[in-house]
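Welcome, and thanks for taking a look at this one. Here is a short briefing on a ligand shell, a strand and a pair of helices.

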Amino acid sequence: MSAAPLLRQVFGFDGFRPGQEEIVDAVAEGRDVLAIMPTGGGKSLCYQLPALMREGLTVVISPLIALMRDQVRALTEAGVAAAALTSGNSEDENAQVMRALTARELRLLYIAPERLASGATVPLLRRAGVQAIAVDEAHCVSQWGHDFRPDYLRVGELRKALSVPLAAFTATADAETRDEIVARLFNGVDPQIFLRGFDRPNIHLAFQPKDGPRRQILDFATARRGQSGIVYCGTRAKTETLAQALNEAALPAVAYHGGMEAEQRRAVETRFQREDGLIVTATVAFGMGIDKPDIRWVAHADLPKSIEAYYQEIGRGGRDGAPAETLTLYGPDDIRLRRGQIDEGLAPHDRKAADHARLNALLGLAESPTCRRVALLGYFGETTGNCGNCDICDAPPETFDGTKDAQKVLSAVLRTGESFGAGHIIDVLIGNATERVQQRGHDRIPTFGVGRDNSRSQWQAIIRQMLGRDLIRPDPERHGGLAITAAAHPVLRGEQSVVLRRDLVSRARPSVVVRA
Ligand code: ADP
């Protein structure tokens with residue numbers, strides 16, 4: 001049967017969401033597919049519908065038992081022969097599923113990845129005449145991803161054993177994870193990759209350096225009085241103090257964080273859901289279960305931990321499609337805090353380096369000289385034109401050619417052995433012969449003092465923008481000493497220029513002294 005009537009009759013939808021139709025077509029044609037769609041984008045339909053368009057059984061690997069049960073229930077209610085094999089099944093249920101499989105009655109079978117560890121599973125699926133494999137939450141196969149599940153590594157073997165097409169789905173899109181999924185699930189065959197639907201054009205994007213952060217948040221909230229909003233805070237304590245400050249400004253606000261009793265938290269959730277114009281000041285604990293379509297604004301009082309976290313959190317605004325606004329504040333302390341959290345974590349070295357890169361990507365977005373949506377979607381691999389709905393498009397900042405400055409930094413980093421933090425590098429650049437500089441002999445290298453024309457804070461701003469472009473990266477193996485990345489080589493060779501934002505490099509850039 002073709003897609004459109006099934007879409008209506010079985011699923012009750014009038015049309016496809018952005019991106020769904022192409023994926024459904026490719027999966028139904030039996031291609032290997034990797035589809036990357038944001039959460040809520042409608043991934044399940046992209047394997048359920050093709051399963052009904054072709055003959056035989058589609059097996060779905062999914063990591064969440066509750067989710068499998070929900071889907072099986074919904075499908076069964078819609079008249080689709082679907083079942084799940086999970087550790088949560090009773091013996092009776094299992095026996096029923098086995099019987100239906102042997103009789104080849106099922107169209108969709110959900111299994112937990114742990115099932116693949118049993119030697120009996122592959123022969124069972126082969127006997128059941130599996131025609132295709134679908135893998136939900138495919139990023140679980142990635143060791144550096146946030147929910148690695150070792151049993152996902154067996155999915156590649158399953159595909160080989162059954163030699164049927166595989167369609168993998170995930171909302172996690174960074175390039176490293178994507179490559180790992182392709183390598184591990186598709187046994188070296190390149191799948192057709194779909195990446196769509198990350199744009200939320202109704203959400204206005206804006207960042208500001210911290211400059212009296214409490215006042216900045218209060219101003220932002222006051223300008224949106226009467227609208228529901230969320231303020232994400234870096235600490236539990238700040239959720240409390242900010243809620244108080246907002247209430248004192250006659251803006252109704254409540255705090256929410258993981259340290260509160262479950263009952264209290266539920267009370268806040270319910271109030272937020274029902275009440276108009278309530279502000280919740282929250283840690284990241286707030287959000288997973290929030291299903292309020294008319295959140296009109298989301299502010300970050302502190303920098304989120306990664307570009308993915310930022311995207312998830314602002315994405316809670318404007319679910320109804322009406323305009324929503326965001327404001328993200330950031331300052332040097334946030335960046336230091338986030339770096340510290342990465343360095344002090346227990347993750348292996350490669351993972352830490354990747355986390356620094358993700359933080360750099362967010363910093364790059366915060367200090368982007370060009371359209372923020374282009375930068376954000378670019379990170380997820382989507383291309384788009386200038387959006388006209390971010391603070392940069394509203395008022396493009398002045399930029400200057402910072403290539404020479406960047407080269408000076410890179411050279412100072414290299415000549416000091418890629419082992420020092422920004423403070424030391426700046427001492428070298430501005431010719432500050434501190435004890436440490438002298439001890440290491442860094443007052444005798446050619447870069448010493450070549451950056452006297454900029455102040456310390458200007459160099460800090462330049463270095464921050466260079467981190468944001470991922471030209472330099474703290475190296476967790478060298479106590480966070482800055483190291484240069486591959487992206488810096490063309491800059492050092494003068495093959496690529498570096499455009500910097502003038503406003504961030506300071507209003508107080510020393511003017512050139514003109515001698516009479
Ligand atoms: P996710 O991508 O997060 O797995 P789901 O597959 O759970 O998303 O879909 C999210 C929601 O969108 C579900 O409630 C689903 O019923 C709904 N949905 C999916 N496709 C469509 C469509 N074409 N039209 C309307 N609603 C849809």
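Helix axes here are lines fitted to C-alpha atoms over the stretch in contact, and their angles run from 0 to 180 degrees between N-to-C directions. With that in hand, the axes of helix H17 (residues 403–415) and helix H18 (residues 422–430) come within 10 Å and cross at roughly 110°. Angles of 65 to 115 degrees count as roughly perpendicular, so H17 is roughly perpendicular to H18. Please keep in mind that this is a predicted model.

**The helix pair**
- The crossing between H17 and H18 is right-handed.

**Around the ligand**
- Residues surrounding the ligand include Phe 13, Phe 16, Arg 17, Gln 20, Met 37 and Thr 39.
- Also among them are Gly 40, Gly 41, Gly 42, Lys 43, Ser 44 and Leu 45.

- Five of the five residues of strand E6 (residues 166–170) are buried, so E6 is largely enclosed by the rest of the structure.
- In a regular strand, side chains alternate between the two faces of the sheet.
- Both faces of E6 are covered, with Leu 166, Ala 168 and Thr 170 buried on one side and Ala 167 and Phe 169 buried on the other.
- Strand E1 (residues 33–36) pairs with E6 in the parallel sense over four bridges, and Ile 36 has Thr 170 as its bridge partner in E6.
- Strand E5 (residues 130–135) runs parallel to E6 and is joined to E6 by three bridges; the bridge partner of Ala 134 in E6 is Ala 167.

Conventions:
Residues are numbered from 1 along each chain as its sequence is written. This is a predicted model: local features need pLDDT of at least 70, side-chain atom pairs count only at pLDDT 80 or more; totals for chains, interfaces and linings use all residues. A residue is near a molecule or strand if its C-beta atom, placed from the backbone, lies within 6 Å of it. A residue is buried if 20 or more other C-beta atoms lie within 10 Å of its own, exposed if 12 or fewer, and partly exposed in between; C-beta atoms are placed from the backbone. Helices (H or I, at least four residues) and strands (E, at least two) are DSSP runs, numbered from the N terminus. Two strands pair if DSSP finds at least two bridges between them. Angles under 35 degrees count as roughly parallel, over 145 as roughly antiparallel, 65 to 115 as roughly perpendicular and the rest as oblique. A crossing is left-handed if the near helix is turned anticlockwise from the far one by less than a right angle, and right-handed if clockwise.
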